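Please open the model in your viewer and keep the sequence panel beside it. The tour below goes from one selection to the next and says what is found at each stop.

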Amino acid sequence: MLDRTTLERPIAHRGLHDAARGIVENTSPAFDAAIAGGFGIECDVRPAGNGLPIVFHDDTLDRLVDGAGPVHDLTASALKRLRYRGQNLGQNVGLQTFAELLDQVGGRVPLFVEIKSEWNPPEIPFLSQIARLALDYQGPIAVMSFDPDVMVVMRELAHEIPRGIVSGSYQDGAGEAWWPGRISAERGQRLANLDESQPVGPSFYAYHVASLPHPAIQHARDVQRLPILTWTVRTAHDRDIAKAHADAAIFEGEAP
């Protein structure tokens, strides 16, 4: 389980990655660096072929990997052949499965697993594998997602595992909606106000630092007494906001 003392530790966003040093996000070197620094780890998990949970942020391979196409189509054998671009000379880092990540971390630091969603109906075989692995894991672990429907399923499959909702304003700095064409403006407003939270029974929230302070988050923290994380903290201004309005920062670069 996670308590507030555990949550007070800064959390490295996608591991302690650093492109300038050849440490790629969501890779074993990034997670090793976070562990060495004593930081918690935030990571992303999405389904490859047959619902296999792998540690990867994007829905396609193109941005980070010597490959192309949807992650969802990857077979287990194809997964093992892929390598990240931009890594340190001499490294040969490939994509990890969620099970491999759990073996690597081994309970040494808190682990916050963001389950990616494309806002389709939840994939039960994928979520069932995450639930089984998380329940068997010996160490502090929590799951979270932007998609409340995913967290409702995780509540049913792994009630004992702390679960959170990731949220924010659902608009970027230019006023453009997040996930246009997948989420209506009306639903985005509900999600920003945490209005779909009750069926989840969240243990915590993770809210966009640029969207703080927010009345719903203030209520969750002060009245419901729920821990609040904030993402992604990168600047001195972000660190000030995190200190004032959250219990822990999911950060990149300099630790809070």
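Begin with the charged side chains of this predicted model, in which a search of the whole structure finds 14 salt bridges. Asp58 is buried, at a relative accessible area of 13%, whereas Arg63 has a relative accessibility of 43% and counts as partly exposed.

Now widen the selection to Arg14, Glu25, Asp44, Asp58, Arg63, Glu114 and Lys116, which a network of salt bridges links together.

Next, select Glu100 and Lys80, where another salt bridge is found, with 2.6 Å from N to O.

For another pair, go to Arg187 and Glu196, whose closest N and O atoms are 2.8 Å apart in a salt bridge; Arg187 and Glu196 are both buried.

Return to the loop between α3 and α4 and select Thr97, which is placed there. Is Thr97 buried or exposed? At a relative accessibility of 11%, Thr97 counts as buried. If you set aside the neighbours within four places in sequence, the residues in contact with Thr97 are Leu52, Pro53, Ile54, Val55 and Leu79.

Two or more lining residues come from each of β2 (40-47), β4 (111-115), β5 (141-145), β7 (204-208) and β8 (228-233), and β2 gives the largest share, three residues. By class, the lining of the largest pocket divides into nine nonpolar, six polar and ten charged residues.

Finally, select Pro47, Lys116, Ser117, Glu118 and Glu123, which lie nearest the centre of the second largest pocket among the 17 residues that line it. The elements giving two or more residues to this lining are β2 and α5 (124-136). The second largest pocket has a volume of about 270 Å³, and its lining has nine nonpolar, three polar and five charged residues.

Note on methods
Residues are numbered from 1 along each chain as its sequence is written. This is a predicted model: local features need pLDDT of at least 70, side-chain atom pairs count only at pLDDT 80 or more; totals for chains, interfaces and linings use all residues. Side-chain values use heavy atoms; hydrogens and water are left out. A salt bridge is a side-chain nitrogen of Lys or Arg within 4 Å of a carboxyl oxygen of Asp or Glu. Buried means under 20% relative accessible area, exposed over 50%, partly exposed in between (1.4 Å probe, protein chains only). Helices (H or I, at least four residues) and strands (E, at least two) are DSSP runs, numbered from the N terminus. Contact means heavy atoms within 4.5 Å. Ala, Val, Leu, Ile, Met, Phe, Trp, Tyr, Cys and Pro count as nonpolar, Asp, Glu, Lys and Arg as charged, and the others, Gly among them, as polar. On a 1 Å grid over the protein atoms alone, a cavity is a set of points where a 1.4 Å probe fits but cannot get out, and a pocket is an open set with protein on both sides within 12 Å along at least five of seven lines; lining residues have an atom within 4 Å of a point. Grid points are joined across faces, edges and corners, and a volume is the space filled by probe spheres set on the points.
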